[in-house]
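Reader: I would like to learn how to read salt bridges in a protein model. Please walk me through one.

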Amino acid sequence: MIEAYKSDWQNYSIEQLQYINAKGVWTICQMYDHLIAVAHEYLDNVELCAKAEAEHGLGKTEFGERLYRNGGFPPIKIKLPDEMNAPPNNQDSMEKLTTRLDHVKNRLQEWEWKVGAINPNLKVKHGGFGWLNAQEWYDLIWSACISIIICAKRPNSNSILKMEKKEYTKY
């Protein structure tokens with residue numbers, strides 16, 4: 001999927017990546033920035049689970065249970081509270097986005113084979129979903145990527161932004 005992202009934005013000029021279509025609507029650059037930031041945050045939590053010493057019997061919130069039962073985020077736009085909803089960065093160049101995305105890819109690959117061996121009772125709390133273990137945090141990265149792709153509606157685009165959930169593959 002990451003290679004598809006990188007291939008996709010080659011179809012755009014920097015002006016198109018940073019074009020603000022309407023107030024409150026993210027640019028393509030902001031969408032990628034958000035995906036990168038969230039992936040790093042969730043991978044940091046995978047690492048915290050791996051380093052945790054105390055097991056937690058605590059579980060997910062009702063929304064967290066529904067999210068995992070349904071296999072990921074619903075294909076709707078999710079609005080965060082204003083204090084958590086600062087607009088993502090819209091200034092990165094294609095080179096900077098590529099470098100940042102490559103770093104995410106490397107971290108994902110680093111954890112791909114380790115995550116399944118982490119004790120599932122070692123958890124870190126998510127503000128909306130409750131207590132998640134390392135595998136759940138790792139899976140949440142892919143779910144977030146798919147959700148944003150499905151929700152991104154860009155006119156006149158035949159790019160990955162219109163990709164169906166069933167079509168994605170990791171990396």
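Author: We start with the basis of the model, then turn to the fold and the salt bridges.

Author: This is a predicted model: local features need pLDDT of at least 70, side-chain atom pairs count only at pLDDT 80 or more, and totals for chains, interfaces and linings use all residues. Residues are numbered from 1 along each chain as its sequence is written, and side-chain values use heavy atoms, with hydrogens and water left out.

Reader: What is the order of the elements in the protein chain?

Author: Helices (H or I, at least four residues) and strands (E, at least two) are DSSP runs, numbered from the N terminus. Here the order is α-α-α-α-α-β-β-α.

Reader: How many salt bridges does the structure hold?

Author: Side chains of opposite charge can pair when their charged atoms come close. The cut-off is a side-chain nitrogen of Lys or Arg within 4 Å of a carboxyl oxygen of Asp or Glu. The structure holds eight. One of them joins aspartate 44 to arginine 107, at 2.8 Å from N to O. Aspartate 44 sits in helix α3 (residues 28-51) and arginine 107 in helix α5 (residues 94-112), so the pair ties together parts 63 residues apart in sequence.

Reader: Is arginine 107 buried or exposed?

Author: Buried means under 20% relative accessible area, exposed over 50%, partly exposed in between (1.4 Å probe, protein chains only). Arginine 107 is buried at 11%. Aspartate 44 is partly exposed at 39%.

Reader: Which residues are linked in a network of salt bridges?

Author: Asp44, Glu47, Lys51 and Arg107. Glutamate 47 meets lysine 51 at 3.1 Å, N to O. These two are four residues apart in helix α3, about one helical turn. Lysine 51 is exposed, at 58%.
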